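Dear colleague,

I am passing the structure below to you for your records.

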Amino acid sequence: MEFSLGQVFEVIADAVPERECIVWQDRRLSYADVNQRTNRLANYLNSTGLGLRKGRGELANWQSGQDHVALYMYNCNEYLESMIASYKSRTVPFNVNYRYVEEELIYLLRDAGSRAIVYHASFAPTLSKIRSDLPDLQVLIQVADESGEALLPGAIDYDTALASSSPEKPENETSPDDLYILYTGGTTGMPKGVLWRQGEILVAALGGRTSDGAVITDLETFTERAQKKAQRSLPAPPMMHGAAHWSSFFAFHNGGTVVIQEDTVRLDPDDLLSTIEREKVTSMLIVGDAFGRPLIDQLRKKSYDLSSLRAIVTGGAALNASLKQELLELIPHLMIVDSVGSSETGSQGTNISTRQSGASTGSFKLAPDACVLDEGLTRLLKPGDSELGWFAQTGRVPLGYLGDQAKTERTFPSVDGVRYSVPGDRAGIRADGILELHGRDSVTINSGGEKIFAEEVEHALKAHSAVYDAVVCGRPSERWGNEVVAIVRLRDGVGASEEELLEECSRHIARYKFPKCFIFRDEIQRSPSGKADYRWAKTVALEESS
């Protein structure tokens with residue numbers, strides 16, 4: 001059997017109604033509270049005429065038959081409530097990058113065919129400027145915040161919408177065929193909406209498997225698991241990125257509590273660590289070095305009681321092995337879990353580091369149905385095959401990309417009658433079955449006839465103790481075709497010459513992969529989740545060459 005996301009949340013809420021579900025600032029909402037609040041919002045959405053338009057069986061893989069709800073907010077309880085409520089109402093929520101400027105927002109909301117939007121009041125002025133460009137946007141729900149912005153014309157206050165609606169379970173019957181949509185970040189191209197069936201994403205990334213990897217096929221297993229001792233999870237990155245709301249729903253589907261840090265507008269390491277201490281958080285999600293380095297620096301400044309914290313999970317970007325080692329020295333009982341996957345695959349593998357095992361980066365134990373296809377997409381690579389292939393996923397994979405047949409057919413090919421997801425990462429399989437991940441092909445640099453993966457050069461640079469952050473890209477070169485350019489931020493008060501950085505690189509990568517140019521900057525631009533912004537890096541590299 002398969003289940004919808006609203007269905008799973010409801011049975012867990014019935015099983016542990018008094019347990020804390022979401023904790024943020026002065027709000028402590030139980031599962032019963034959140035279940036009732038999401039019923040109210042779902043009923044409000046349905047009362048505006050939104051919901052299911054056409055059944056899955058009548059649609060192609062790149063089409064949606066449901067109304068779409070844009071979520072334009074910082075992290076808050078309303079973000080997660082809006083997701084659950086949308087699933088209950090048979091509408092589909094999708095993530096909006098709150099850093100987008102007006103032109104980008106218009107593109108995204110049009111591409112998604114958004115009929116409704118839930119947004120923080122602080123974004124009202126931006127939304128007001130583009131409102132006339134979005135004639136299909138009919139329902140506006142404004143979440144009050146410290147900005148004090150007045151309601152936009154035609155909008156309704158979030159709490160008012162809840163108060164006006166019934167707390168009873170919505171009358172419509174949800175289905176595992178209902179959609180889950182996740183928009184890609186667009187750091188290397190225009191954002192695309194990845195379409196999943198809810199029955200598939202539940203298993204692929206949201207806790208629909210048991211601890212031994214078996215697919216859960218009955219609701220009783222969810223309720224029995226939830227009734228055991230609950231974990232307390234803190235997803236530190238913005239929920240507009242998949243890793244953070246995946247972490248949240250994984251916690252919900254295990255009967256856990258989602259704890260949100262006080263300050264959700266900027267990364268405040270003291271706030272994060274203080275929240276862990278105060279709320280007895282057991283696991284925290286971060287995104288690679290952009291979160292790891294500030295946390296380490298803060299831990300060296302101030303002591304915290306982190307005895308409750310058992311695991312730090314990093315998703316979306318790997319945590320450098322040298323930073324892992326520093327964290328393990330500072331928090332000796334910690335387990336660090338690198339989780340690899342993508343919007344198009346779900347979770348594909350893990351790398352676990354402890355003080356006893358030591359720290360490593362870039363190698364992963366494969367999850368069920370994760371695999372590597374050969375260069376020509378004709379066969380599966382076996383352990384020990386020397387060639388580099390495409391990191392892929394089969395079994396439970398997305399339907400496709402919203403409104404894009406061509407990209408759907410390219411990314412989700414069939415090999416010997418089996419459908420795969422191949423989003424573009426290059427990888428190989430060691431003889432022991434461990435995956436070696438090389439990086440995204442779209443940011444690979446072809447220099448002098450050799451393929452160089454930006455991520456491996458970045459990891460080599462970050463191994464130097466003076467490097468706070470680094471991002472690597474290619475730019476045109478008369479001699480090499482393309483040359484490797486490293487944009488580097490050094491730690492405050494610490495210097496390092498180009499020769500010293502190249503010497504560190506020599507310990508980790510072949511010489512042909514070395515940067516041909518270094519650009520030193522006080523800040524490196526990243527997405528709010530911590531992912532590298534390669535478009536920005538390419539612009540900087542080209543500007544320096546002109």
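A cavity, as the word is used here, is a set of grid points where a 1.4 Å probe fits but cannot get out, and its volume is the space filled by probe spheres set on those points. Please bear in mind throughout that the model is predicted.

The second largest cavity

The residues lining this cavity are L71, Y79, M83, P93, F94, N95, I181 and H245. Two elements, α3 (77–89) and β4 (92–95), each give two or more residues to the lining. The largest share comes from β4, with three residues. By class, the lining of the second largest cavity has six nonpolar residues, two polar ones and no charged ones.

The sheet

Strand β4 also belongs to an open sheet of five strands, whose order is β4-β3-β5-β6-β7 and whose pairing is parallel. The edge strands, which pair on one side only, are β4 and β7 (156–157). Within the sheet, β5 (residues 114–120) and β6 (residues 139–143) are joined by five bridges in the parallel sense.

The largest cavity

The search of the whole structure found two cavities of 30 Å³ or more. The largest has a volume of about 40 Å³. Its lining consists of M1, E2, F3, G199, L202, V203, V215, I216 and R396. Six of the residues in the lining of the largest cavity are nonpolar, one is polar and two are charged.

The second largest pocket

I also include an open space. The second largest pocket contains about 540 Å³ of space. Its lining has 27 residues, and those closest to the pocket centre are L267, A290, F291, S527 and P528. The elements giving two or more residues to this lining are α11 (288–301) and β26 (467–477). Helix α11 provides the largest share, five residues. Sorted by class, the lining of the second largest pocket comprises 12 nonpolar, six polar and nine charged residues.

With kind regards

Notes
Residues numbered from 1 in each chain as written. Predicted model: local features only at pLDDT ≥ 70, side-chain atom pairs only at ≥ 80, totals over all residues. Heavy atoms only, no water. 1 Å grid on protein atoms, 1.4 Å probe; cavity = no way out; pocket = protein on both sides within 12 Å on 5 of 7 lines; lining within 4 Å. Nonpolar A, V, L, I, M, F, W, Y, C, P; charged D, E, K, R; others polar. Helix = DSSP H or I, 4+ residues; strand = E, 2+ residues; numbered from the N terminus. Pairing = 2+ DSSP bridges.
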